[in-house]
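Dear colleague,

I am handing over the structure that we spoke about, and below it you will find my notes on what turned up in it. Please read them with the model open beside you, and take your time over each part.

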Amino acid sequence: MTEPLDSPLAGKHIVLGVTGSIAAYKSADLVRRLRDAGAELRVVMTKSACEFITPLTLQTLSGHPVAIDLLDADQESAMGHITLARWADWILVAPASADVIARLAQGRTDDLLSALCLASESPLALAPAMNNKMWSNPATQDNLTVLRSRGVQIIGPASGDQACGEQGEGRLVEPLNIVVAMERYVVPKRLLGKKVLITAGPTYEAIDPVRFIGNRSSGKMGFAIAQAAVEAGAEVTLIAGPVHLTTPTGVKRVDVETAQAMFEQVSSAVAESDIFISCAAVADYRPCQTETKKIKKIANSELELKLEPTIDIVAAVAKQQLKPFIVGFAAETQDVTEYAQEKLQRKNLDMIAANQVGNGLGFAVDTNTLSVFWHNGSQELPIAVKTQLARDLMMLIIEQYNAKNSIKTA
Ligand code: PMT
């Protein structure tokens with residue numbers, strides 16, 4: 001899950017349906033986490049859900065009355081099922097019992113939640129929770145096939161110990177991971193069917209078996225871009241230098257250490273990529289020679305290290321005849337705009353995202369500011385956490401990528 005209010009769920013209207021399952025107690029945590037992410041929530045419970053957790057609990061946590069009855073005049077006059085159906089940006093049913101899955105597959109309207117789902121044109125996500133035999137039963141699986149074919153998103157289930165004492169698939173996915181899944185769904189899938197290749201982090205160039213030339217890149221910016229690209233529906237390959245970060249879900253990660261290894265991995269993936277984003281802080285120089293044994297200190301004597309240039313990965317990709325849409329980065333301590341525009345031209349890129357670095361800016365910190373340039377335009381992306389900044393950058397990239405391709409195909 002991303003930081004509170006940095007989530008794509010911020011401001012989204014979500015109807016949370018809670019159905020009869022022992023896992024219903026987890027919906028209290030889910031309500032809290034969805035609200036932490038900034039979502040606007042309304043909770044609808046089935047009668048059997050009320051046997052497992054009280055409406056008062058979910059009312060208190062969500063800050064709004066919980067709707068239960070389809071035929072309750074008071075509830076209908078407050079926010080009737082049709083109004084609720086129109087209000088929702090998303091409907092999430094968690095936990096979704098085998099019963100509600102069957103009823104939704106059949107389009108039944110025998111309670112408020114199922115009527116609401118049928119009356120709504122909003123997308124629907126279900127997080128199933130049930131005994132593992134009920135889950136694997138062909139009846140449930142057939143119902144899920146029907147629902148999936150209608151575009152319903154199914155989150156999980158997880159497997160492990162079950163409340164009934166059995167083991168297997170059917171546990172409700174943890175609330176935090178349900179929120180992460182929802183964050184993915186709410187972002188428009190403008191990169192569906194596209195492949196995006198991203199580099200991130202530093203490279204280490206060995207001096208001897210224990211020393212290297214490196215830099216302060218943490219990989220945070222590049223990993224945030226990988227997450228934003230997956231959220232936008234892309235198939236993402238992330239070539240990462242040595243960093244200590246968790247791979248965003250759905251991203252294919254390849255770890256490398258040196259500029260040369262990064263170049264080789266980029267070369268093997270780039271031909272099938274639609275967009276290449278070079279966010280890595282690749283070493284510009286490496287030792288001409290890597291000693292096989294640790295260099296010994298010689299008292300009162302200087303040590304000279306001879307360096308040679310590494311290959312410029314992004315420039316090499318840009319020289320290819322068949323090349324993807326290429327986005328470079330520029331890390332500058334001064335004259336950011338001039339240097340960035342010079343790099344855009346010299347390296348023959350489609351876009352460049354420039355950031356001021358040094359003195360606690362750019363490298364390793366959680367926030368950043370970018371000045372983005374392309375051949376006939378530019379945009380400032382003001383300071384934001386890197387996860388949000390990456391989404392804003394991805395929007396600009398998609399716009400320019402589409403603009404370039406519409407010119408090509410016109
Ligand atoms: O990782 P973080 O801690 O989150 O920090 C993010 C960042 C500051 C590293 C990132 O935002 C950034 O600026 N990345 C690019 C750093 C860099 O190497 O900039 P540069 O101006 O030296 O290089 C220009 C471009 O050439 C970059 O796209 C770079 O990836 C590419 N390059 C550079 C050298 C080389 N041998 N091969 C390359 O492909």
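Around the ligand there are 30 residues, and those that come nearest are Ser217, Ser218, Lys343, Asn355 and Ala364. Please keep in mind throughout that this is a predicted model, so that every distance and angle in this message is a computed value.

If you sort the shell around the ligand by class, you will find 15 nonpolar residues, nine polar ones and six charged ones. Which elements each supply at least two residues of this shell? They are the helices α10 (220–231) and α12 (313–319), together with the strand β16 (325–332), and it is β16 that gives the largest share, with four residues.

With Thr310 the side chain takes part instead, as one of its N or O atoms is 3.2 Å from a nitrogen atom of the ligand. On its own the ligand has 780 Å² of accessible area, and the protein covers 96% of it.

For the overall layout, the domain assignment divides the chain into domain 1, which covers residues 13–185, and domain 2, which covers residues 195–409. The centres of these two domains, taken over C-alpha atoms, are separated by 41 Å.

There are also some backbone details that deserve a careful look. Most peptide bonds are trans, and most residues other than glycine have a negative phi. Against that background, Ala94 and Pro95 are joined by a cis peptide bond with an omega of about 0 degrees, and Pro95 belongs to strand β3 (residues 90–96). Another cis peptide bond, with an omega of about 5 degrees, joins Gly156 and Pro157, where Pro157 is found in the loop between β5 (153–154) and β6 (158–161). Finally, Asn300 is not a glycine and yet has a positive phi of about 55 degrees; this residue lies in the loop that runs between β14 (285–287) and β15 (307–309).

With best wishes

Notes. Residues numbered from 1 in each chain as written. Predicted model: local features only at pLDDT ≥ 70, side-chain atom pairs only at ≥ 80, totals over all residues. Heavy atoms only, no water. Domains from an automatic or database assignment. Near = heavy atom within 4 Å. Polar contact = N/O pair within 3.5 Å; in protein donor to acceptor, adjacent residues only side chain to side chain. Areas by Shrake-Rupley, 256 points an atom, 1.4 Å probe, with all protein chains shown as cover. Nonpolar A, V, L, I, M, F, W, Y, C, P; charged D, E, K, R; others polar.
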